[in-house]
Amino acid sequence: AGMNHYAEKSLHQVNKGRLYEMMKQPNENQGMKEFLYEAVGYKKLTGNRYIYGLEATGKKGLFTKLYNMPSNIVEIIEGDWMQPVTGYKIQFTVDSALDIQADKVLHQKEWNPQTHTTGRNPYGLSPMQPLLRSLQRSNESYDASIGLIKNGIPAGILSNNSDLVMTPDMVDRMEEAYKGKFGGGKNKNKVLFSAANISWQEIGMKSQDMELLQANMADLRDFCRVYQIPTMLVSDTENSTFNNVTEAKKSVWMENFIPELD
């Protein structure tokens, strides 16, 4: 009862003033929703979030605008043990950089077990770091899937049985003509008829190719596990029911979204 009484006396709604205006629109290019979206995104992708505060003219420590710094191109300028960080550098291009004093920047980061020889590491560890192999496999799988749609699986070899020896240029022209008529998803399983003296050797789909097409869901589950997102919320229908989807939505808010926003 005493705490409730204290809260009622100490908290009141603010609908005007410098802080209220900055919380509505942190800078001239963004509202608060977009600003938070960007801030959370940088930290979840790179492990680091840098927010630059623009001070009012002649009033040190009085910030009037907030900007998310692009964490993928921010370099931390390290100092000594008394002042571990002296500033930050945004490296836009090889010849263009911007130095910012440390007291103008709020740096928040993910925990990082990797340390320098000094025993510390000012950078947070990107959640993507342990996912690099899954990301590479996922990218390769998508490339392979696009290749299957575009070119089809090499189901066999078409050979020339005539006495006329085909030159490499003739082979290339035949391949281009074949792709034009039979390439792409719309022409899948289209039958080829020819009056020429040719033979056909069937190959068929390899089991490795078939397994490759099933790998994307495994990669999706890896990403969800690292980012603490229940897989049934991102189209994993094998593990979803009405009840566990409802609980998953509560879980992702309580364990992921709300703590990050706090």
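**Aromatic pairs, a buried arginine and a surface patch**

Author: By the ring-pairing rule, the count comes to 3 aromatic pairs. Rings of Phe, Tyr and Trp (its six-membered ring) pair if their centres lie within 6.5 Å; planes under 30 degrees apart count as stacked, over 60 as edge-to-face and the rest as tilted. One of the pairs is formed by Tyr52 and Tyr67, which is tilted, with 6.2 Å centre to centre and 35° between the planes. This pair links distant parts of the chain, since Tyr52 lies in strand E1 (residues 48-56) and Tyr67 in strand E2, 15 residues apart.

Reader: On what basis was the model read?

Author: This is a predicted model, in which local features need pLDDT of at least 70 and side-chain atom pairs count only at pLDDT 80 or more, while totals for chains, interfaces and linings use all residues. Residues are numbered from 1 along each chain as its sequence is written, and side-chain values use heavy atoms, with hydrogens and water left out.

Reader: Are Tyr52 and Tyr67 buried, partly exposed or exposed?

Author: Buried means under 20% relative accessible area, exposed over 50%, and partly exposed in between (1.4 Å probe, protein chains only). Tyr52 counts as partly exposed because its relative accessibility is 22%, and Tyr67 is partly exposed at 21%.

Another aromatic pair, Trp253 with Phe257, is edge-to-face, at 5.1 Å centre to centre and 85° between the planes. Both residues lie in helix H8, 4 residues apart, about one turn of the helix. Trp253 is partly exposed, with a relative accessible area of 46%, and Phe257 is partly exposed with 35%.

Reader: Which residues form the nonpolar patch on the surface?

Author: Like charges are joined within 9 Å, and nonpolar side chains (Val, Leu, Ile, Met, Phe, Trp, Tyr) within 5 Å. Here Leu36, Trp253, Met254, Phe257, Ile258 and Leu261 form the patch, with about 590 Å² of accessible area together; such areas come from the Shrake-Rupley method with a 1.4 Å probe, and for residues only the protein chains shown count as cover. Helix H8 (residues 242-261) gives the largest share, 5 residues. Met254 lies in this helix and counts as exposed because its relative accessibility is 58%.

Reader: What does the side chain of Arg49 make a polar contact with?

Author: A polar contact is a pair of N or O atoms within 3.5 Å; within protein, one must be able to donate a hydrogen and the other to accept it, and residues adjacent in sequence count only if both atoms are side-chain atoms. The side chain of Arg49 makes such a contact with the side chain of Glu260, at 2.4 Å. A polar atom of the Arg49 side chain also lies 2.9 Å from the backbone oxygen of Ala39. Arg49 lies in strand E1 and counts as buried because its relative accessibility is 6%.

Reader: How does Lys60 read, buried or exposed?

Author: Lys60 counts as exposed because its relative accessibility is 65%. Lys60 lies in strand E2 (residues 59-69), and a polar contact of 3.1 Å joins its side chain to that of Asp103. Contact in general means heavy atoms within 4.5 Å. Not counting residues up to four places away in sequence, Lys60 touches Glu55, Asp103 and Lys104.

Methods
Patch = residues over 30% accessible without salt bridge, like charges linked within 9 Å, V, L, I, M, F, W, Y side chains within 5 Å. Salt bridge = Lys/Arg side-chain N within 4 Å of Asp/Glu carboxyl O. Helix = DSSP H or I, 4+ residues; strand = E, 2+ residues; numbered from the N terminus.
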